[in-house]
Number of protein chains: 2
Amino acid sequence: MTRTGAEVAGANGLLAEALARIARDIDEAFDQVLPLPQDARARLVEAMRYAAIGGGKRLRPLLLTATAEMYGVDRDAALRAGVAVEAIHVYSLIHDDLPCMDDDTLRHGKPTVHKAFGEATAVLAGDALHAFAFELLADPATSGDPFTRIELVAALGQASGFQGMAGGQMMDMVAEERVFDLQTVTRLQQLKTGALLGAAVEMGAILGHVPAEARSHLRGYARDIGLAFQIADDLIDHEGDEAVAGKALRKDMGAGKQTFVALLGPERARAQAGVLVDQAVAYLDRHGAEADLLRALARYIVERDR
Amino acid sequence: MTRTGAEVAGANGLLAEALARIARDIDEAFDQVLPLPQDARARLVEAMRYAAIGGGKRLRPLLLTATAEMYGVDRDAALRAGVAVEAIHVYSLIHDDLPCMDDDTLRHGKPTVHKAFGEATAVLAGDALHAFAFELLADPATSGDPFTRIELVAALGQASGFQGMAGGQMMDMVAEERVFDLQTVTRLQQLKTGALLGAAVEMGAILGHVPAEARSHLRGYARDIGLAFQIADDLIDHEGDEAVAGKALRKDMGAGKQTFVALLGPERARAQAGVLVDQAVAYLDRHGAEADLLRALARYIVERDR
């Protein structure tokens with residue numbers, strides 16, 4: 001798919017603005033929904049705020065709000081759901097970074113939560129953000145319609161548990177001991193990263209009251225950008241700049257993991273990511289300009305350097 | 001409150017039967033809802049099943065089903081909600097037992113999850129059970145009414161997060177470094193243990209469609225048995241038998257924590273637990289024989305030895 005220079009510039013402007021806006025909005029929302037309690041729980045909420053505020057690309061909330069906006073959903077409602085999906089993402093990063101997991105010391109350019117607050121507080125802060133995500137969705141402020149709220153809970157719960165992210169993380173641990181083929185690595189990544197990215201799009205559609213059977217093109221879009229996202233992550237891990245990424249790189253190779261880059265080589269992996277993005281964008285053909293942000297996001301996902 | 005020998009024997013029989021039945025039902029339910037997947041996630045689900053099946057008194061599901069039964073709720077629906085609240089309890093035990101938390105090696109008389117499966121799998125198994133609890137509640141099989149389901153999610157989410165269990169656990173960690181007074185220890189325990197026990201009763205009432213404003217006597221009952229439960233736990237930690245308890249004891253004293261027993265002494269603590277149970281039972285005065293199981297449970301909570 002060829003785009004003119006003006007189209008690329010327009011899409012980049014739209015995306016840059018949306019990325020800046022969602023970063024500001026999600027920071028503000030976390031700041032507002034997580035006030036420091038005046039008792040001995042303060043340290044827990046400090047750790048939650050430290051992890052949740054001021055870092056990350058906020059891709060999941062952006063996918064959610066961009067999808068919701070296509071269907072005319074009120075931005076405040078979409079942002080609350082975006083905070084919930086980001087809370088799940090942030091909790092998973094806190095637990096992933098633990099010494100018994102990936103043992104990372106740096107995240108978004110600052111010390112990881114267990115380095116800054118200790119391991120026990122890091123485990124608890126992750127757990128508390130996990131529960132908080134569902135509390136937020138259950139609150140009538142997210143949607144006045146209980147059916148919409150429970151659909152949001154179902155989508156996020158399934159995407160986070162053993163049928164989604166946690167299941168993918170388990171497969172990722174097993175991948176250090178066993179040789180996986182391309183099909184198994186694809187399945188692993190669909191669960192580990194794809195499920196939550198897909199839930200973000202799905203939750204936008206739920207808020208937009210798009211009937212479940214009419215969401216298949218959005219699911220196709222989400223599935224393809226999910227895999228493209230992971231290939232891009234593998235490429236960043238393989239050849240990126242740690243200072244730009246804000247975290248340690250070159251770890252998967254060291255662990256001998258069968259990533260997309262290890263299985264396909266960097267050139268074929270890059271080409272595959274491009275094909276997936278074109279496929280993802282094609283799923284949006286029924287939409288007009290209102291889907292431009294989702295299109296730009298799909299391209300950004302493989303072109304980013306962190 | 002004096003009870004005749006026949007009344008005590010009747011209550012004990014009712015309770016013994018209910019305890020045996022809930023233990024069997026919850027084991028069967030976990031077995032059914034957590035089938036082993038035929039892929040690399042198998043180890044994760046094995047760890048979840050190892051922690052969830054075959055151990056524990058199942059007090060929370062029993063409180064939930066006993067409350068639900070008073071209001072004529074279908075037992076299968078109540079059991080599903082009971083599995084959800086127990087999944088939260090089990091995940092909290094897995095994470096509590098981690099080396100960076102309480103570093104326990106024995107739970108329900110068998111090695112803790114991190115001893116049997118490794119720390120990383122233990123963290124993930126806890127996380128996966130946490131998400132699974134909300135998945136279960138969001139499923140229409142729990143209740144055909146979306147408002148009931150979202151009320152269940154709200155009650156469980158609030159009881160587990162920083163406003164409930166996780167907040168209490170943080171206070172408990174701070175209690176190792178700071179001297180708390182009786183009021184602060186009471187608040188700590190209300191969050192750490194009381195919130196989830198209270199949620200179990202609340203969720204039974206939600207399933208029974210008891211209007212929120214009419215649940216205050218059940219909240220009073222739950223609050224008092226929650227504190228009585230914790231005092232009993234402190235007494236077991238102080239003077240119990242490790243073989244009977246199935247876990248390491250005498251730990252709070254070693255850590256210098258301000259428990260109820262440390263603050264009041266064992267005799268006054270025991271008397272206080274008795275007063276709380278009498279108060280809890282008095283909250284049920286408006287109910288007849290249908291509340292006998294909740295009454296027996298209140299007495300059992302302080303008389304148990306594990």
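**Interface, helix pair and a loop glycine**

Tutor: In this predicted model, 40 residues of chain B are in contact with 40 residues of chain A.

Student: Which helix gives the most to the side of chain B that touches chain A?
Tutor: That is α6(B), with 12 residues. The helices of chain B that each supply at least two residues to this side are α2 (42-52), α6 (119-138), α7 (146-160) and α8 (165-174).

Student: How is that side of chain B divided by class?
Tutor: It has 26 nonpolar, eight polar and six charged residues.

Student: Why is α14(A) called roughly antiparallel to α15(A)?
Tutor: Helix α14 (residues 266-282) and helix α15 (residues 292-303) of chain A pack at about 170°, with axes 9 Å apart. Angles over 145 degrees count as roughly antiparallel, so α14(A) is roughly antiparallel to α15(A).

Student: Which residues make the contact?
Tutor: From α14(A), A:A273, A:G274, A:V277, A:A280 and A:V281; from α15(A), A:R295, A:A298, A:R299 and A:V302. By class, this contact has six nonpolar, one polar and two charged residues.

Student: What makes A:G208 count as partly exposed?
Tutor: A:G208 has 18 C-beta neighbours inside 10 Å. Buried needs 20 or more, and exposed needs 12 or fewer, so A:G208 counts as partly exposed.

Student: Where is A:G208 found, and what is A:G208 in contact with?
Tutor: A:G208 is in the loop between α9 (182-207) and α10 (216-239) of chain A. Leaving aside neighbours within four places in sequence, A:G208 is in contact with A:A68, A:M70, A:Y71 and A:V73.

Terms used. Residues are numbered from 1 along each chain as its sequence is written. Chains are lettered from A and ligands numbered from 1 in the order in which they are written. This is a predicted model: local features need pLDDT of at least 70, side-chain atom pairs count only at pLDDT 80 or more; totals for chains, interfaces and linings use all residues. Helices (H or I, at least four residues) and strands (E, at least two) are DSSP runs, numbered from the N terminus. Two residues are in contact if their C-beta atoms, placed from the backbone, lie within 7 Å. Axes are lines fitted to C-alpha atoms, for helices over the stretch in contact, and angles run from 0 to 180 degrees between N-to-C directions. Angles under 35 degrees count as roughly parallel, over 145 as roughly antiparallel, 65 to 115 as roughly perpendicular and the rest as oblique. Ala, Val, Leu, Ile, Met, Phe, Trp, Tyr, Cys and Pro count as nonpolar, Asp, Glu, Lys and Arg as charged, and the others, Gly among them, as polar.
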